[in-house]
There are 2 protein chains.
Amino acid sequence: MVKRTSFEHDDCPIARSLDAIGDWWSMLIIREALFGISRFSEFQKRLGLAKNILTVRLRALVDQGILKTAPASDGSAYQEYLLTPKGRGVFPILVALRQWSEEFDEHPEEIATILVDKEKGKPVRKLELYSQDGRLLSAADTALKPRTVVKQGGRVTA
Amino acid sequence: MVKRTSFEHDDCPIARSLDAIGDWWSMLIIREALFGISRFSEFQKRLGLAKNILTVRLRALVDQGILKTAPASDGSAYQEYLLTPKGRGVFPILVALRQWSEEFDEHPEEIATILVDKEKGKPVRKLELYSQDGRLLSAADTALKPRTVVKQGGRVTA
DNA sequence: TCAAACCAGTTTAATAATGCAACCATCGGA
DNA sequence: TCCGATGGTTGCATTATTAAACTGGTTTGA
């Protein structure tokens with residue numbers, strides 16, 4: 001792969017997110033963490049990824065402030081990996097990914113789980129995007145505006 | 001091994017989405033396409049990726065029904081790449097990625113653009129997740145339920 | 001209390017996925 | 001007809017990902 005081009009300093013926030021959590025494993029690790037998984041071996045067993053990769057990913061997620069390590073908690077002398085608020089903030093992204101799959105996958109019958117609300121046990125609605133004055137927006141109803149002034153040579157991207 | 005593990009037949013919808021569009025470039029290609037970009041050379045110029053990679057990604061996106069090729073359109077004899085409904089359905093994922101970056105990025109001042117609603121030009125609200133009866137839900141208010149019955153040996157994942 | 005199993009990695013050697021650059025065929029315009 | 005843009009393809013070098021073996025500390029349990 002050759003030095004995966006980094007988007008860390010790209011001015012597009014989507015690229016920046018992808019740079020942080022846009023690989024196959026990071027997203028799934030966060031998914032598991034949202035489920036309460038916190039131990040190295042648990043991640044490894046549930047995801048079935050190579051341990052060296054898990055080591056690298058966990059370290060990267062910690063460095064980025066998405067996970068933090070807490071020394072022990074359930075008695076044993078090992079440490080655990082816990083989500084920070086930034087990590088929990090990934091939840092809507094996971095919901096969006098899930099709903100896209102539910103809506104467009106060619107084999108939805110292979111999907112094992114449904115996201116429900118805890119109180120009633122019923123499926124949740126689709127994610128909704130509203131304007132400040134409460135109108136439901138679709139992609140076509142939105143546009144991108146430069147944050148302040150367009151800098152010289154600064155290209156406006158999504 | 002090696003052979004990057006495919007999640008195509010994983011029973012987790014998040015994994016399935018990631019399998020389809022979970023690489024750095026596919027998501028950005030779709031972002032550009034949502035902006036109306038449709039020509040090979042335009043993608044290549046705006047994203048700055050190698051042409052062979054672009055070729056492979058575009059073909060994969062077409063195979064998955066996210067893009068479709070339309071022979072010509074603006075006169076020239078070349079083809080263009082257009083989003084299908086499935087492709088446009090990626091929009092909420094991009095919004096979620098964008099908002100995560102806006103909320104948690106350490107250098108938000110480097111972010112060049114803001115998503116606004118076209119009518120008023122004001123920033124949009126955060127994506128919201130509701131229960132069927134209209135309660136606003138956070139991650140903690142949700143749970144996963146097996147789709148029908150848990151199959152023998154079928155592990156329930158997110 | 002001593003061995004066996006578990007935890008959390010690290011190392012190694014293989015293969016697969018990028019990236020860059022160069023090449024090539026076709027189309028369109030002057 | 002010739003030149004540049006378009007839309008790729010091919011080769012090669014580099015890097016990532018992986019399984020498997022190995023390590024060293026920690027629990028468990030007989």
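Analyst: What follows is a discussion of the chains, their symmetry and their helix contacts.

Analyst: Please keep in mind that this is a predicted model.

User: Understood. How many helices and strands are there in chain A?

Analyst: Chain A contains 6 helices and 4 strands. Along the sequence, their pattern reads α-α-α-α-β-β-α-α-β-β.

User: And what share of chain A counts as buried?

Analyst: Of its 158 residues, 45% count as buried. As for contacts in chain A with a separation of 6 or more, 39% of them come from residues 24 or more positions apart.

User: What rotation superposes chain A on chain B?

Analyst: A rotation of 180° does so, with 0.0 Å of shift along its axis and an RMSD of 0.1 Å. That is the relation of a two-fold axis.

User: Which residue of chain A comes closest to the rotation axis?

Analyst: That residue is A:Glu128, whose C-alpha lies 2.6 Å from the axis. Both copies use the same surface, since 100% of the contact residues of chain A recur in chain B.

User: Let us turn to H1 of chain A. How many of its residues are buried?

Analyst: In H1(A), 9 of its 9 residues are buried, and the helix is mostly covered. Among them are the charged residues A:Arg16 and A:Asp19, and A:Pro13 and A:Ile21 are buried as well.

User: What covers the buried residues of H1(A)?

Analyst: The cover includes elements of both chains. From chain A there are H2, H4 (51–63) and H6 (91–104). From chain B there are H2 (24–34), H6 and strand S3 (113–117).

User: At what angle does H1(A) pack with H6 of chain B?

Analyst: Helix H1 (residues 13–21) of chain A and helix H6 (residues 91–104) of chain B pack at about 85°, with their axes 8 Å apart. H1(A) is therefore roughly perpendicular to H6(B).

User: Which residues make that contact?

Analyst: H1(A) contributes A:Pro13, A:Ile14, A:Arg16, A:Ser17, A:Leu18, A:Ala20 and A:Ile21. H6(B) contributes B:Leu94, B:Leu97, B:Arg98, B:Trp100 and B:Ser101. By class, the contact of H1(A) with H6(B) has 8 nonpolar, 2 polar and 2 charged residues.

User: What about H2 of chain A and H1 of chain B: at what angle do they cross?

Analyst: The axes of H2(A) and H1(B) cross at roughly 165° and come within 10 Å. H2(A) is therefore roughly antiparallel to H1(B), an orientation that applies to angles over 145 degrees. The crossing of H2(A) and H1(B) is right-handed.

User: Which residues are involved there?

Analyst: On H2(A) they are A:Trp24, A:Met27, A:Leu28 and A:Arg31. On H1(B) they are B:Ile14, B:Ala15 and B:Leu18. The residues of this contact divide into 6 nonpolar, no polar and 1 charged.

User: Lastly, within chain A, how do H2 and H3 cross?

Analyst: The axes of helix H2 (residues 24–34) and helix H3 (residues 40–47) of chain A come within 11 Å and cross at roughly 115°. The crossing of H2(A) and H3(A) is right-handed. A:Trp25, A:Leu28, A:Ile29, A:Arg31, A:Glu32 and A:Ala33 of H2(A) meet A:Phe43, A:Arg46 and A:Leu47 of H3(A) in this contact. By class, the contact of H2(A) with H3(A) has 6 nonpolar, no polar and 3 charged residues.

Terms used
Residues numbered from 1 in each chain as written. Chains lettered and ligands numbered in written order. Predicted model: local features only at pLDDT ≥ 70, side-chain atom pairs only at ≥ 80, totals over all residues. Heavy atoms only, no water. Axes fitted to C-alpha atoms, helices over the stretch in contact; angles between N-to-C directions. Helix = DSSP H or I, 4+ residues; strand = E, 2+ residues; numbered from the N terminus. Parallel < 35°, antiparallel > 145°, perpendicular 65-115°, else oblique. Contact = heavy atoms within 4.5 Å. Least-squares fit on C-alpha atoms with pLDDT ≥ 70 in both. Left-handed = near helix turned anticlockwise from the far one by under 90°. Buried < 20%, exposed > 50% of the residue type's maximum accessible area, 1.4 Å probe, protein only.
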